[in-house]
Structure formats: structure tokens, C-alpha cells
Amino acid sequence: MMFDNFRRRKFLATAAITVFALTTGLSVGESLAQSGEKVTLKLANSQWLDALRGKNLWAAVAKYQETNPNVTLEQVAIPSAEFNDKLTTEMGAGQGPDIAMMQEGLFYAIADAGFLVDLSAATEGISLNKTNENGKIDGTQYGLAWQRAVYALIYNKPLLDAGNAKVPTTVDELIESAKAASAATPGVIGFTGRHQMNDFSGWFMDFQNWAYGYGVNWVDADGKLTIDTPEAAAAVAAFRKVYASGIMPIGDSMPTQRTRFKEKHVAFSIDNSGGTLNIASGGAIQSGELGSAPIPFPHPGAHQQIFVGVSSHSKHQEEAVAFVKWLMGPVGQQAMRDASGPDTLATDVPVSEAYAKTNPWAPTFAKLAENSRSTLIKGHEVETAQIMRFVMQAVEKVILTDAEPKTALAEAQAAVDKQF
């Protein structure tokens, strides 16, 4: 099984709910709101800090208070670069928020530590889609989908038109079109993307698009970790080719690159639907000027999955689960759809025709989400970040020292074999 100690965690989570009910004088099935007592639920999410989108997402969840006046929702806004460390530290100390919206990797780590409760009560009568499948571990639903943000190739239509550049379907075409767009409009960057170890957590997830795009699985049919493969070498070589082509702004952080895209200074990028929504909102570029297409690789790419979970340390677990149930229901899901743009949600709430017309890049993301893959390595979900650190160190060596991809990946394979 994925985690040997899940039976222990299930007992602890159940015990926590029972103790909570006894200490407050309520039955397990009775919420604090039903008793008339005022409740404050703390919701942790790095997205609360996103420009415009954060405000819209908070307004969506705040609708819960309209029909549950005894409940006050409180933001816990944590920068994404600090989110994982802060949450694991607080929960490890028996503290932290009542509810957290977590990237898939953190979700597995938090679940593995026994810090989440069963959310099956929040799914009763709800028709969930496949985005929730990885939230169920050893038969228990510890997480439900907040959003699934798939990756695509995005581009500035006017810049492509000015350079008579086509939408690429291969890496060579990407380089050619990016150079054409840059040449036609002074000051324009051809392509942006993460490329530095100081942004490791974001870079490894972004790089999975290159890996999956060239047919990488990272494990064989027997579940053995396979880092040194021809497919992986091809992916690393393709990334090096783009990196060395002169179309990327070397050294720029991803927030800086996205801001430049907003300001109409970037032709192409590979980004997820959430990042694209940020680019299309509140900047110089108009949403209708953005285009999107499948990533220019032979195979489908990746998605980032965010799960919502309820802490086993929460003093208000019953009410927290009640909030999640509302969030999964029709009112909550429609509110999330209105705020989430093209992100795939826990239920099949379609992007409206009006939204697609105003944001013509959105339908591509919805389509790509049907075949995208998790950034986590199957069977090694909790260990993915540790494994991918060796991989990304190999990629860094290739792009900075011109080492051969196969040689660097062979070294990574040896390090992975030694540790795992």
C-alpha cells in the first residue's frame, strides 16, 4: 500500500473528532453552527495573495457565510515559496489552519503525517470527477479537488502577427517563431520559463511537461525508478536547445517573466491555467490578445493539482467539513467556476460560452486537462520532490556546463538508486 500507517491515522482522525464533540458537548453529527455558537474557520492558501484572482477566489468562498451566518471565514495568506515549510511546521506542532488548499505534493506529505481527516461526509450526493481520485488514499478521501491547473503553450497574438510567426508544434518551430516575434518588435522576449534551482519546486513541476512530452514515466512497469532513459535524455536535450537558443531571459524569476508577459513584452511561454489567468488579468495585455495551444512536444503534458483538506488539529472539524461539503455542491462550485477561469474543478462545471468568448485561450486548457498527468511520480508521491531534485540538478548541469544529458542522468540515476 502507499502508506503503511494509514490505519493508524484513520484511528487518530476519528478519535480527534470524537474528542472534539465530547469537549464541546455536541454529538458527532451536530455542528457548532447548528448549536448557535459562533465559529471562525481559518483557510490557508497561497492564492489569496494573487493579484485580482485572489480577491475573486476569496469572494467565492465567502458566499458560504451568506447562508451560514454563525461562521466567519478568515484568510491565512502565505506566499507560495513559504507555504510548504510553514504548513508542515505548524501542523507538526499541532497548530495551523482549519482548512488548507495544498499543492498535491504537500497534500501527500501532510496526509502521510496523519494531519488530515476523512472528507467522505463532504461527498455525499456529489458527483465528483476524476480530479478527486488522487485525493483518496488507501480507500479514504483525505482531499477533494480545489483546482486542477493544466499546462499549455500560451502566446501573444499581436506579437506573432507582427513577426508573421506561426504557432509552433515542435521545439525547432518554437525557437524559430520566438526569434521571428522578437525580431519584429524591439524589446520583446521570445520565450519564458523557469530554469533555476533557486525556484526548484516550481521548476521541477514545469519540467514535467518536457519529460512527459517526450514520453518519460520515471518508473518502469515494475515501479522501479528509471531516471536514465532515452526519453529523459531527449527531454533534457530539448530543454537545453531552447535554453541555449537565446530566446529565454536567463536569470529572471517566474514572477518577473509573468509580469513582462502582462506588459506585452513576451511572445511565448509554457504556463498553467492559473498562471495564465493571472497574466490575462489586470495588465496591459487584454485577455482576447492571448492565445493557447498544446505544448509543442510529441505527448501530452502535466497539470498541477490543488487539494482542499481539513486539519486533524482543527477545533472545528465538523464545521470545516460542512464548509467543504458546501464547496463541492452546486452553489460553491459555480462560485468557484466564476472565479477560477479555465481551471478544472472537483465537479464538471463547464466554462460558460460568454467566458470562452471573452477569453479565447480558456477552452484549450479545458481540453488538455482530459489527458494531462500529475507532476508527482506514481507510487512515489511523497518522495517525488526528493527524486526530482536529483533530476533537476542533472538538467542544471547540462544547461550550465554543456554536459551530455545521458551522462548527467546516469549520475542522477546512481544517486536515486543509492537513496531509494
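Visitor: Hi! Is lysine 264 buried, exposed or partly exposed?

Guide: Lysine 264 counts as partly exposed, at 32% relative accessibility. Here buried means under 20% relative accessible area, exposed means over 50%, and partly exposed is in between, with a 1.4 Å probe and protein chains only. A word on the source: this is a predicted model, where local features need pLDDT of at least 70 and side-chain atom pairs count only at pLDDT 80 or more, while totals for chains, interfaces and linings use all residues. Residues are numbered from 1 along each chain as its sequence is written, and side-chain values use heavy atoms, with hydrogens and water left out.

Visitor: Thanks. Where does lysine 264 lie, and what is its phi?

Guide: Lysine 264 lies in the loop between α11 (254-262) and β8. Its phi is positive, about 70°, although lysine 264 is not a glycine. As for the labels, helices (H or I, at least four residues) and strands (E, at least two) are DSSP runs, numbered from the N terminus.

Visitor: And aspartate 138, what about its phi?

Guide: Aspartate 138 has a positive phi too, near 50°, and is a residue other than glycine. The loop between β4 (136-137) and β5 (140-141) holds aspartate 138, which counts as partly exposed at 31% relative accessibility.

Visitor: Changing topic: which residues have the most contacts inside the largest nonpolar core?

Guide: Those are Phe191, Phe207, Trp210, Trp218, Val242, Phe268 and Met392, in a core of 57 residues. A nonpolar core is a set of buried Ala, Val, Leu, Ile, Met, Phe, Trp, Tyr and Cys residues joined through side-chain atoms within 4.5 Å. Elements that give two or more residues to this core include β6 (144-156), α9 (200-213), α10 (230-244), β8 (266-272) and α17 (384-401). There is also a second, separate core of 35 residues, which includes Leu41, Val71, Trp326 and Ala335.

Visitor: What does tryptophan 218 touch?

Guide: Not counting residues up to four places away in sequence, tryptophan 218 touches several residues, among them Gln208, Tyr212, Leu225, Ile377, Met388 and Val391. Contact means heavy atoms within 4.5 Å.

Visitor: How do α9 and α10 cross?

Guide: Their axes come within 9 Å and cross at roughly 110°. The two helices are therefore roughly perpendicular to each other. Axes are lines fitted to C-alpha atoms, for helices over the stretch in contact, and angles run from 0 to 180 degrees between N-to-C directions. Angles under 35 degrees count as roughly parallel, over 145 as roughly antiparallel, 65 to 115 as roughly perpendicular and the rest as oblique.

Visitor: Which residues meet there?

Guide: Trp203, Phe207, Trp210 and Ala211 in α9 meet Ala235, Val236, Ala238, Phe239 and Val242 in α10. By class, the contact has 9 nonpolar, no polar and no charged residues. For those classes, Ala, Val, Leu, Ile, Met, Phe, Trp, Tyr, Cys and Pro count as nonpolar, Asp, Glu, Lys and Arg as charged, and the others, Gly among them, as polar.

Visitor: What about the axes of α10 and α17?

Guide: They come within 10 Å and cross at roughly 40°, which means α10 is oblique to α17. The contact is made by Val236, Phe239, Arg240 and Tyr243 of α10 and Val395, Val398, Ile399 and Leu400 of α17. It has 7 nonpolar, no polar and 1 charged residues.

Visitor: Over to α14. Which of its residues are buried?

Guide: In α14 (residues 330-340), the buried residues are Gly332, Gln333, Ala335, Met336, Arg337, Ala339 and Ser340. Their cover includes α3 (53-62), β6, α12 and α13 (317-328). Just after α14, glycine 341 takes a positive phi of about 60°.

Visitor: How many residues of α3 are buried?

Guide: 7 of the 10 residues of α3 are buried, so α3 is largely enclosed by the rest of the structure.
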